[in-house]
Amino acid sequence: MAAISPDNRGLRLFVRYLVLVLVALIFVLPLLFMVMSSLKPDQQLLADTSSFRAFLPVGDVGLTNYVEAFERAPVRLFVFNSVLVTGVTVALSLAVCSLAAFSFVFLQWRGRELVLSIILATLIVPFETIAIPLLLIVSKLPWIGLDGIEWTWLNTYRVQIIPWIADGLTVFLFVQYFKDLPGELVEASRVEGASWFQIYWRVILPLSGPVVATAAILKFLVMYNQYLWPLIVVQQEQYRPVMVGLQYFFQLNVAWGEVMAYLTLITLPVLAFYLVLQRAFIASIASTGVKG
Amino acid sequence: MNRLTAGALVAYAATAGAAMAQTEVTMWYHGAGNEVESNILNGIVEDFNAAQSDWTVVVESFPQQSYNDSVVAAALAGNLPCILDVDGPIMPNWAWSGYMQPLNIDESLIEDFLPGTLGMWDGELYSVGLWDAAVALYARESTLEELDLRRPTLEEPWTGEEFMAALEAAKASGNYDYALDLGMNDQGEWYPYAFLPFLWSHGGSLVDRESYTTAEGALNGEAGLEFGEWWASLFEEGYAPGTSEDPADQQTGFIDGSFAFQWNGNWRAVATMEEVDDVIFLPAPDFGAGNYIGGGSWQFGISESCPTPEGANAFIEHALQDEYLAAFSDGIGLIPSTPSAAQMTENYAEGGPLAVFFDLSDEQAQLRPVTPGYVVQSKVFTKALADIANGADPADTLDAAVDEIDSDIEANQGYGHE
């Protein structure tokens, strides 16, 4: 048997790729199981779970489960709601949190360390502990809209967006990244007469692609997977997101094929978003040491 | 203005006036995702809205799995609808919490209703159901013949010894992976609904049903301990698969012959009959203190904050008609609440394939503990049974469960029980 040595490059590569493939399989197989199961009738799906056939498009495959999933629940509406809420929240969150981080890193003002510490301390508070107080607040919160004053935020998009815009993790990511940028850039810009907002917009943000991508992906996942909050603040189908919609498929007799079809459909936006930003995301992990 | 136009305007004004006079009554229902159930309910609502001019019921459907959480959150936010759909054993908690008010309906309409369909709390009717559910021991006629077993009846069910002998015979035959499937993978309300009857049949109870202020002696007394040891033996002796049972096996194991018997609900009966020609539905065994199954399913009630209880009561009275009970039964397979409605159904009419379930529900059903504390007690019971199935000591586990239940009752000042 050949020993693994620096000279034996071929064998080392083989072992490396073998390990990588095995690790990749751990992540890919559940997705493969989901997609393949979505194509099979329930009886075959359940029978296949005990063998490798579960990962293969074999037997009686078709798109019936997808047709039935669309009949059982307003899938398009749920995906639209989730994409809308997630997209708006991510955009606003990036703007608000990066501005806050800019202020903490580059502006000199009394108490900024304390305020930053308080914001970071919120990272250790689980959302579940504040869900009920927050519910009580938003249920009585006024809102001035096109239809005049409303006296509750329940059953709206805004109640799913606004409480999630600012968060400690996103601020932390931006603060860490901004701290590593050369301070001379800001000093030079100030000497040139740039305003603080111009420095933020024209100097700092253009250099922040990796952290923007990282923060966007992490925020996207948090928002797209929202369950508890929309469950308690939305009582109308027209505002429900995908994760609450998943419950439509769990009846006394669970139609597993339809569940898998629905899961496949709602996974697509997440995959698409990640694929678009993956290069910047990986660059950010490499440069900032962020573990996603 | 010509005569035709004037006539049309008068007709429009009359129609619009009638429509505007109708007061909106909001209703929440747990059937989102169940097209058949939703269609039947929407039909009832349309009939009601068209049949009178005072009220318009507007339905918002929720997925069943998250329905209770949505209601509790809405109650906190002061956002409950008028008509609520409530699961029978949960109702006392919602009534005690002030979410619901008693019904004010014509009592003659519910004279013939199955006892499990009437939600009573503190001496008053808070909810009424259009159907009930039942559990039975699924078996094959051919299995009974093969194992030379007597066919039990409602009048003469299997005794505990006969039941265990049947399991032993099935195990000894070597023809089955397991003698009995209990559906152990579903650790939700299924555990108390399906397994409390075994505890009752041993003479025990989840909580003292006289006072509802303690579980001491009820769950961990002599009968409770006997039940706990019997329960443990089902898994120690290999009669039944444990908590790690594959959901796929649970769904297909009886049908493909891997299990000799299955303890299952009537909602699986039609699907099983389609696959198993000689399936029979047997009553629960009697371990000495009677044979029972659980009763109480989804019911209609009215929220405390409902500004129009007259409209809500009128709708519920309207929904109690036999034709609707029968429609729900035919649509979703559950047991209609009255004998007359049962006769209108395909499955529960006399001689029908599921008629036995109506009798089971009528004669064997016992309500789960009628107390606001049930929402906690049911979860404690579920955990205790899962722990025992996984090898925990029955006596210690039941003692710990009693402590937890009693602490909760004490923390809630007895839940209103004296």
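Domain bounds, as used here for chain B, come from an automatic or database domain assignment. With that in mind, chain B is divided into domain 1, which covers 21–133 + 296–367, and domain 2, which covers 135–293 + 373–416, and the C-alpha centres of domain 1 of chain B and domain 2 of chain B lie 28 Å apart.

The structure is a predicted model, in which local features need pLDDT of at least 70 and side-chain atom pairs count only at pLDDT 80 or more, while totals for chains, interfaces and linings use all residues. Residues are numbered from 1 along each chain as its sequence is written, and chains are lettered from A and ligands numbered from 1 in the order in which they are written. The model scores ipTM 0.83 and pTM 0.86. For chain B the mean pLDDT, the predictor's confidence in each residue from 0 to 100, is 92, and 95% of the residues of chain B reach 70 or more. Residues 1–19 of chain B, however, have a pLDDT that stays under 50, and for them the model has two contacts beyond four places in sequence, where two residues are in contact if their C-beta atoms, placed from the backbone, lie within 7 Å.

Let us look at chain A. Chain A has 14 helices and two strands, which are DSSP runs numbered from the N terminus (helices are H or I with at least four residues, strands are E with at least two). The radius of gyration of chain A, taken over C-alpha atoms, is 24 Å, well over the 19 Å that the globule rule gives for 292 residues, so chain A is more spread out than a compact globule; the rule itself is 2.2 Å times the number of residues to the power 0.38. Of the 292 residues of chain A, 32% count as buried, a term for residues with 20 or more other C-beta atoms, placed from the backbone, within 10 Å of their own.

UniProt, in an unreviewed entry, places the feature "transmembrane region" at several spans of chain A, among them 114–137 and 259–277; its annotations may be inferred rather than shown by experiment. In the model, residues 114–137 of chain A are 79% helix and 0% strand, with end C-alpha atoms 26 Å apart, while residues 259–277 of chain A are 100% helix and 0% strand, with end C-alpha atoms 28 Å apart.

Chain B has 16 helices and 15 strands. The radius of gyration of chain B is 24 Å, close to the 22 Å that the globule rule gives for 418 residues, so chain B is as compact as a globular protein of that length. Buried residues make up 49% of the 418 residues in chain B.

Within chain B, 19 residues of domain 1 are in contact with 19 residues of domain 2. On the side of domain 1 of chain B that touches domain 2 of chain B, α14(B) gives the most, with six residues.

The two chains also meet each other, with 23 residues of chain A in contact with 24 residues of chain B. The largest share of the side of chain A that touches chain B, four residues, comes from α6(A). By class, the residues on this side of chain A divide into 13 nonpolar, seven polar and three charged, where Ala, Val, Leu, Ile, Met, Phe, Trp, Tyr, Cys and Pro count as nonpolar, Asp, Glu, Lys and Arg as charged, and the others, Gly among them, as polar.

Terms used
A residue is buried if 20 or more other C-beta atoms lie within 10 Å of its own, exposed if 12 or fewer, and partly exposed in between; C-beta atoms are placed from the backbone.
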